[in-house]
Amino acid sequence: MKKNSNRMIRINDEIQKEISEIIRSDLKDPRIGVITSVLKVDTTNDLKYCKVYVSVLGDDEKKQEVISVLKSATGFIRSLIANRINLRITPELTFILDDSMEYSFKIDKIIKDINKKQEG
C-alpha cells in the first residue's frame with residue numbers, strides 16, 4: 001500500500017506541474033492572469049477523476065470567471081495532459097476554487113497590523 005501512495009503523490013505532483021504550465025503557457029485566454037495558481041491536485045487511485053484546487057487573487061466575479069474559463073477548457077487541458085504524462089487513463093478534471101491562499105494573506109496582514117500597534 002505504501003508504494004501505491006508514493007506513486008499517487010508522484011502522479012499528483014506531475015499533473016499539478018503540467019496544469020500549472022498549461023495555464024501559464026498554453027491557455028491563451030486573457031481572463032486568466034498570472035494571479036491564478038494550482039495549489040493542489042487530488043487524483044483518485046483508479047486515475048478516473050482528478051480534483052484541481054485553484055487559487056485566484058481578485059474579486060468574486062474575477063474568481064468565478066477564471067473557474068468558468070478553466071471548466072470550459074477542461075477537454076483541451078486534459079488532452080495536453082494525455083500527451084505529456086504517460087498514464088493508462090487520463091483523469092476527468094474538476095476545477096475547484098480554493099481561497100486558502102487569500103485567507104492566509106488576510107491573516108498575515110492582521111498579524112502584521114497587530115504587531116505594528118503593539119510596537120507603536
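1. A residue is called buried here when its relative accessible area is under 20%, exposed when over 50%, and partly exposed in between, with a 1.4 Å probe and protein chains only. T36 sits in strand β1, where helices (H or I, at least four residues) and strands (E, at least two) are DSSP runs numbered from the N terminus. Setting aside neighbours within four places in sequence, T36 is in contact with I23, V54, S55, V56 and V66, contact being heavy atoms within 4.5 Å.

2. On the basis of the note: this is a predicted model, in which local features need pLDDT of at least 70 and side-chain atom pairs count only at pLDDT 80 or more, while totals for chains, interfaces and linings use all residues. Residues are numbered from 1 along each chain as its sequence is written, and side-chain values use heavy atoms, with hydrogens and water left out.

3. The largest nonpolar core has 27 residues, of which I15, I19, V52, L70 and I77 touch the most other members; such a core is a set of buried Ala, Val, Leu, Ile, Met, Phe, Trp, Tyr and Cys residues joined through side-chain atoms within 4.5 Å. At least two residues of this core come from each of α1 (2-26), β1 (36-43), β2 (49-56), α2 (60-72), α3 (74-84) and β3 (92-97), and α1 gives the most, with 6 residues. I19 is in contact with V38, V52, I77, I81, L93 and F95, leaving aside its neighbours within four places in sequence.

4. Helix α1 also holds E18, which is buried, with a relative accessible area of 11%. Not counting residues up to four places away in sequence, E18 touches R84 and I85.

5. The length of α2 agrees with expectation: at 1.5 Å a residue its 13 residues should span 18 Å, and its end C-alpha atoms are 18 Å apart, the expected span being 1.5 Å times one less than the number of residues. In α2 the residues K63, V66, I67, V69 and L70 are buried. Seen down the axis of α2, the buried residues fall within an arc of 160°, so they line one face of the helix, the arc being that of the directions from the helix axis to the C-beta atoms. On the other side of α2, D60, E61 and S72 are exposed.

6. In α3, the buried residues are T74, I77, L80 and I81; seen down the axis of α3, they fall within an arc of 130°, so they line one face of the helix. G75 and N83 are exposed on the other side of α3. Leaving aside neighbours within four places in sequence, R78 is in contact with T90, P91, E92 and L93, whereas R78 and E21, 57 residues apart in sequence, are 13 Å apart in space, C-alpha to C-alpha.

7. One backbone angle deserves a remark. Most residues other than glycine have a negative phi. L47 has a positive phi of about 65° although it is not a glycine. L47 is placed in the loop between β1 and β2 and is buried, with a relative accessible area of 1%.

8. K40 lies over the face of Y53, at 5.0 Å from the ring centre; a charge sits over a ring if NZ of Lys or CZ of Arg is within 6 Å of the ring centre and within 35 degrees of the ring normal.
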